[in-house]
Each structure stands twice: as C-alpha cells, then as structure tokens.
Amino acid sequence: MFDISDRRLSQICLIVFSLLGVAFLGWIVWNALLAIPAVDDFCYGAGAHERGVIQNVVIEYFTWGGRYTAAFLISAFAGADTLLFHYYYLVPLTILVLNFFAVRHFLSSVDLKTKAMLLLFFVILMTTFRMRESLFWLSGGATYGVSCALFLVLIAEEWRIFTGAVQLRWQRTLVLSLASILLASFNETVMLAHVTLLFPLLVVSLATKNNRAVAWIMAAAIVGALISGLAPGNFLRAGLTPHNTNVLIAAWVSFTLLVTKYALPILVSVLMFRCLLWFCRVRRDFSFTRNQAFAFCLFLLLALWASIFARAYALNELGPERARTIDFLLVNLIGFFVATQLYQRSRARSEGQPRPLLAGLIACALIATIVSSVFAPHLTWKPLLDGMQESVRLRDLITARLNLVSSAKGQTLVVEAYTQDQKPITFFNDIKEDPKQWENGCFAKYFGLKEIRTRN
C-alpha cells in the first residue's frame, strides 16, 4: 500500500522541485555562458577608453546621473576589451553568485539555512528576477542585479538588528554605513527603498533604547542618497524631459500601483514559501515571534511603496523591467515572513497522518505536467529549448560582428542586423539601421569607426 503520509508527500515534492530547481539554474548558467554585450556597455566602455575609469565616473556624475557605484563597475568591465569580448559571461555568473550568497546570509539571519531551503529559496528569487535586464546585461546587471544582492544582505543585517540578534558595535556600524552609502548610488529605486526601511527600524531602536547606533546607518544612507540625488547630471538629464508630477500625486500613484500590481504577486509568494517550508520539513520553532515577523513585513511594505514611488515620481509608472528586480525582492521577503507564521500555526499536524486529498492533488498535478509536456510542448518546454538555441545563434552573430569591427578603425561599416522576432533572453538592444541613432554612436565610438549601421 502506498505511503500517503504528510511526511512522505513532502519528501516527494522536495525531490521533484529540487530537480526542477537544478534544471532551472542549469538553464540560467547555459544562457549566462552565451551572454553578449549591449549598446550601453559600449557607451561606458568608450568613455573608459577615452578618459579612464575614474574620470569617466566623474564625467558621468556631472553630466548624466549620480549612480557612481554602478558607473564604476560598468566602466571598469566594459573598458577592458578582453573582458567585454571574451569573458562577458563573468557578468551574469558573478551576479548569480552574489545573490546566492546573499540568500545564504539571509537564511542564516533567520536560522533556516539548510541545503534544500537554500536551493529552493534561491530558485524562487531567480524566477522573479528580471533576468533579461538585471542578469544577462552588464549595464542593467551592475545597476540592479548587484544592488539586489547588497540590499538583501543589508536587509538580513537590519532584521538581526530589529530582533536583537546582534549588537551594533562600531565595526559593524561602520561596515553597514559604508555599504548603505554604496547601495544608495546604484539606483534611485533601491536608494529610497533602503532609506524607508531604515526609518521605522530607527524609530523602534530609539523607542526600545536598543541598538540606537542604527541612527548612524540611517544617516549614512541619507548621505549616500544626497550625494547620488544631487548629482549635477541628474538635473541636466531632467531638463531634457518634461516633468509635471508632484510628490503627493506620485505617492498616490505608487500606492495604487502597489495594490494593483503587487497584491497578487504577494499572495503567490506567500503560497510558494508556505509550500517551501512544508517541503523542507521545518519542525522547530522559529527564532522570531509573530509580532516581529508582521512588524518587519510592514517595514518591507513601506520599502516597496518607496521603491515604486521613485519611478512613479519620475515616470508616472513602474518604469523599466530591471527596476522591478528590487520590487520582487521585497515581495519575496514579505511572502516569506507571512508564510512562516501561517506555517507555524499548522505545524502541529502529525508527520504520519494520512493525506489522501493532498496525495490526489499532487498526483493530478504531476500527471497534468507530464501530459502537457508530451502533448503541448510549444506551451511548456519547447520555447525554453528554442530560446537556448537562439541564444547560440545570437552569440555567433555578435561574435562575428565584433571580429569584423575590431580591425576596421576609421572605416564606415554596414553589418548584419539581428532580425529574429522571438528574441532570446540574452538579447537586450542592438545597433540600428540609422547611423545617427545613439546606439550606433556608442558602438562606433568604442571601436573608433567613422560610422556603422545595419543592412536594410
């Protein structure tokens, strides 16, 4: 007779989802190895060639924007031809590793670091990552993918401060303060989210007279925000586009976007993490209380609101996909903390108790998955396989183009365009048919060409 106990069912699900998670990460690594540079990378690289990395960051600060940490990372990598042409895969792999260790650090902070939990938590994070723009593309990845990892580490540390798990000695305070200054200069989304998260933490610390040195971290985050936000380049760029949104309207728009765009993802995240805790058979009590979990969820919701506000104020919308990487990090953490409390309430169930209804649902889900894979491949695994093959073709085309232009300094070139309608996840942008487009200008400047365009 089949064992349909709660324990056995969770073990089966853990094995199945672990295998799916490993396959998913394998798909990411495959595409990472085929990643290609895109137009913005050549803009930063051309500046680094002409002025050097540091001077390029300074010019960027005074003429374009205050994202000096991201500008340094992009310029340093793109300014080295060997890295950009032959080792571009280091970009997504590095971002992947940084986020993996950030997840590991977060799970350590909540005392739930097991191999299965680490794998599946990381997989959940990556499924909501805006990979096309925040992982496989240097300019987006350095700005949002790296900041996602640093933000998660800081959230983990601030959670430990909130729960009293650590005391803020001067060494820890200094490190967290420096990290907060650096984080503020990655992008405005994460900058406002972090400052907003720190504010209620500071209020609690002052009220409880515990870890009041968090005021220094808050001050550092604000200083970083001011340095980044008051960059002359921000005002020059803002003058190029009309802006009619005031703060109150942006606050309301960001609130409505929070409700309409993220209410359902938060519920889905709660369900995913509730299942994850069941798969991993977390049997002991959590090291934090229900009040702590829900209070921190409120802090994270405020941070999510602030994250959206940055784009609602500037664009009156959610903005580019890469900015939503930070949003979904916060969504996942909210889902995690809510799920822990729901799981805590239902944990008393006996491990040996039969679960025929659940067994039936799992069996139906597995059968449906197998049947859909066999009879509907174009809706399941076929697009992923086609995308992987298309990533190879795109990589071959760009490699041939780079080999051609590397020895064509001073010339006018017409090159093959990438015309595939269904773009692989490694594609972000390309040069255009019109040589006056800014993308073409960046590419031509990087390689010292007179002009470059694609064929009709």
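I began with the surface, where Trp252, Phe255, Val259, Leu298, Leu301, Leu302 and Trp305 form a nonpolar patch with about 630 Å² of accessible area together. For patches I took residues with over 30% relative accessible area and no salt bridge, joining like charges within 9 Å and nonpolar side chains (Val, Leu, Ile, Met, Phe, Trp, Tyr) within 5 Å; accessible areas come from the Shrake-Rupley method with a 1.4 Å probe, and for residues only the protein chains shown count as cover. The largest share, four residues, comes from α15, and helices here are DSSP runs of H or I with at least four residues, strands runs of E with at least two, numbered from the N terminus.

This is a predicted model, in which local features need pLDDT of at least 70 and side-chain atom pairs pLDDT 80 or more, while totals for chains, interfaces and linings use all residues. Residues are numbered from 1 along each chain as its sequence is written, and side-chain values use heavy atoms, without hydrogens and water.

I then looked up salt bridges (a side-chain nitrogen of Lys or Arg within 4 Å of a carboxyl oxygen of Asp or Glu), and the count comes to 13. Glu50 and Lys445 meet in one of them, at 3.4 Å from N to O, and this pair links helix α2 to helix α19 across 395 residues. I also noted that Glu50, Arg51 and Lys445 are linked in a network of salt bridges.

Asp430 and Arg401 meet in a salt bridge at 2.6 Å, N to O. Both Asp430 and Arg401 are buried, where buried means under 20% relative accessible area, exposed over 50% and partly exposed in between (1.4 Å probe, protein chains only).
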